[in-house]
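Visitor: Please show me the model. I would like to ask about its rings and its helix packing.

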Amino acid sequence: MKFSARAALSLLTAAALLAGTAACGSDDDSSTSADSSAAATGGKFAKDPGTLVFGVVPDTASTQQNYQPLQDYIAKITGLKVEYRESSDYAALIEAAVSGKVDIASFSGFTYVTAKNNGAKITPFASIITKQGQEPGYYSEAIAPANSPINKIEDFKGKKVCFVSQTSTSGYLYPSYNLLKAGIDPTKDVTPVFAGKHDASALKVSQGSECEAGFAEDVAVEAQKGLKTIAKTFVIGAPMTIADGLPADLKQKVVAGLQNVTIDQIKSAGIPNADSDNFKKTFYALAPVDDAKYDIIRDLCKQTKAAACNAG
């Protein structure tokens, strides 16, 4: 089913308002506890002064497993409980950040910029790298079933195309830009299917019925059999952010403890599962980033005019 920019904007806004509260809300007295935290500590916590709420976008089925060692390491360096909050969708994490319901969050570049556009008081400070010496980032891959006659982006026209989410960086924004470069309007010239997660997009494309082609991040593509890569584009690394309202000394402790941390340091700290194959595939270190790094996302928003860029 094709959709207009106006329809996409309406859908995203509704998702943010409805899903954000369900996925990232805390106890009934959450707003009261946040306000009392501000009075008691000089800072404002999403839940309470003894807890840091760690929000993530639902990238894959194994997202929580991938982040667990890092979550445990944050707890170790801060001495606070770290509560994992995986949002029901990308829009829900945006809403959670805007409403102050997460303290630390791992966004995609696009969701970060969208959250900032909607008033979230957050600052990016690091991005995950998976190999030594690597620039923070990964690849958005255009994919098709291995036996498909589709061999170039131009062949996507008129096809059922899998995207991840309307606020996914590598699963929608970069793909939209690449489709436009190929003369294909992603809102008119393809039938979009939003899979919700990268691994779901890769799976649907490999099956070839619901989606004849699509897009997903490189890790998800590598893990799925029956695919061929049509093209790939380097994507700026996903930012980890910290809420501006937290106490200054706590923010300094988190940023200093995480900005250049390596997997070896996390293992040396005795963190369970830091040596697991799953964690090693997705994490080598955190590299420093700042807001200016994401100007490329802002530029892509201007070029694609993606509805999610200004939704809210």
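The questions below move from aromatic pairs to a helix contact and then to one isoleucine.

Guide: This is a predicted model, where local features need pLDDT of at least 70, side-chain atom pairs count only at pLDDT 80 or more, and totals for chains, interfaces and linings use all residues. Residues are numbered from 1 along each chain as its sequence is written, and side-chain values use heavy atoms, with hydrogens and water left out.

Visitor: How many aromatic pairs does a search of the whole structure find?

Guide: Rings of Phe, Tyr and Trp (its six-membered ring) pair if their centres lie within 6.5 Å. Searching the whole structure on that basis gives aromatic pairs numbering 10.

Visitor: Why is the pair of phenylalanine 107 and tyrosine 112 given its class?

Guide: Planes under 30 degrees apart count as stacked, over 60 as edge-to-face and the rest as tilted. The ring centres of phenylalanine 107 and tyrosine 112 are 6.5 Å apart, and the planes meet at 65 degrees, so the pair is edge-to-face.

Visitor: Which parts of the chain does the pair of tyrosine 112 and tyrosine 294 link?

Guide: Tyrosine 112 and tyrosine 294 pair edge-to-face, 5.5 Å centre to centre, with 65 degrees between the planes. Helices (H or I, at least four residues) and strands (E, at least two) are DSSP runs, numbered from the N terminus. The two tyrosines are 182 residues apart, and the pair links helix H5 (residues 109-117) to the loop between strand E11 (285-288) and helix H12 (295-304).

Visitor: Is tyrosine 112 buried or exposed?

Guide: Buried means under 20% relative accessible area, exposed over 50%, partly exposed in between (1.4 Å probe, protein chains only). Tyrosine 112 has 0% relative accessibility, so the residue counts as buried.

Visitor: How are H5 and H12 oriented to each other?

Guide: Axes are lines fitted to C-alpha atoms, for helices over the stretch in contact, and angles run from 0 to 180 degrees between N-to-C directions. The axes of H5 and H12 lie 9 Å apart, at an angle of about 80 degrees. Under 35 degrees counts as roughly parallel, over 145 as roughly antiparallel, 65 to 115 as roughly perpendicular and the rest as oblique. H5 and H12 are therefore roughly perpendicular.

Visitor: Which residues is isoleucine 74 in contact with, leaving aside neighbours within four places in sequence?

Guide: Isoleucine 74 sits in helix H3 (residues 63-78). The residue is buried, at a relative accessible area of 0%. Contact means heavy atoms within 4.5 Å. Beyond neighbours within four places, isoleucine 74 touches Leu52, Val82, Ile104 and Leu258.
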